[in-house]
Amino acid sequence: MSGPRVAIVDDHALFRAGVRSELASLVDIAGEAAGVEEAVALIAAESPDVVLLDVHMPDGGGVEVIRRVAAAGGDAPPKFLALSVSDAAEDVIAVIRAGARGYVTKTISTPELADAIRRVDDGDAVFSPRLAGFVLDAFAGAPPPRAEDTDLDQLTAREREVLQLIARGYMYKEIALRLGISPKTVEAHVSAVLRKLQLSSRHELTRWAAERRLVD
């Protein structure tokens, strides 16, 4: 089969099977994976050109796959195209900051998805129409932090660490491992941060951090 070699990463087997069936005549399917560990192993073994990547998976999600592949190095890393049911701004921003070349939602048609894969393989950035605005806002249009904004001063050094890791898409267990603390302690820090910043969810926290350009 001609065209880009594509790996499909999604934790739902039925969805993977559907995508594989729809794309089989349009691109070369390199394989599929159900989570972070499987995805990293598949990419290392098969060297796909493009990875169709789900954003939310039980063992870490798309952001972690991109980080792990980047950390492993390699002469020809794949290009990542997020394919998700989520159209939340914080999800789009997190995965693009991690290094994905595009983000489309699962409502996309098969011909449109095949076209998006080819465009990403060629080096273009591809987004479902309403999602492009999120990226522009995050990378260009977001106002700089106000000098009088003292919200961060309320947080301890540890709370700031947890805030940044949450905003980058890490799960509680991953943060606990990185910081050498328990998941319950991470949860307590997140609750304290939400309370001090007067936010109600980790999604709001991610947006708050992105607006202040606190996420690398």
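Author: Happy to! Let's start at G102, whose bridge partner in strand 6 is V126. This is a predicted model, with residues numbered from 1 along each chain as its sequence is written. Local features need pLDDT of at least 70, side-chain atom pairs count only at pLDDT 80 or more, totals for chains, interfaces and linings use all residues, and side-chain values use heavy atoms, with hydrogens and water left out.

Strand 6 covers residues 126-127, and strand 5 pairs with it in the parallel sense over two bridges; strands count as paired if DSSP finds at least two bridges between them. Helices (H or I, at least four residues) and strands (E, at least two) are DSSP runs, numbered from the N terminus. Strand 5, helix 5 (residues 110-121) and strand 6 make a left-handed β-α-β unit. For the handedness, a crossover is right-handed if, with the strands pointing away from the viewer, the path from the first strand over the helix to the second runs clockwise.

G102 also stands opposite L81. Here strand 4 and strand 5 pair in the parallel sense, over four bridges. Together with helix 4, these two strands make a right-handed β-α-β unit.

Now for the faces of strand 5 itself, residues 102-105: G102 and V104 point one way, Y103 and T105 the other way, and all are buried, that is, under 20% relative accessible area, where exposed is over 50% and partly exposed lies in between (1.4 Å probe, protein chains only). In a regular strand the side chains alternate between the two faces of the sheet.

Y103 and T105 lead us on to S86, since both are among its contacts, along with H56 and D91, leaving aside neighbours within four places in sequence; contact means heavy atoms within 4.5 Å. S86 is found in the loop between strand 4 (79-84) and helix 4, and is buried, with a relative accessible area of 12%. Its side chain makes a polar contact with the side chain of D91 (2.5 Å). A polar contact is a pair of N or O atoms within 3.5 Å; within protein, one must be able to donate a hydrogen and the other to accept it, and residues adjacent in sequence count only if both atoms are side-chain atoms.

Finally, helix 4 (89-98) is one of the elements that the buried residues of helix 7 pack against.
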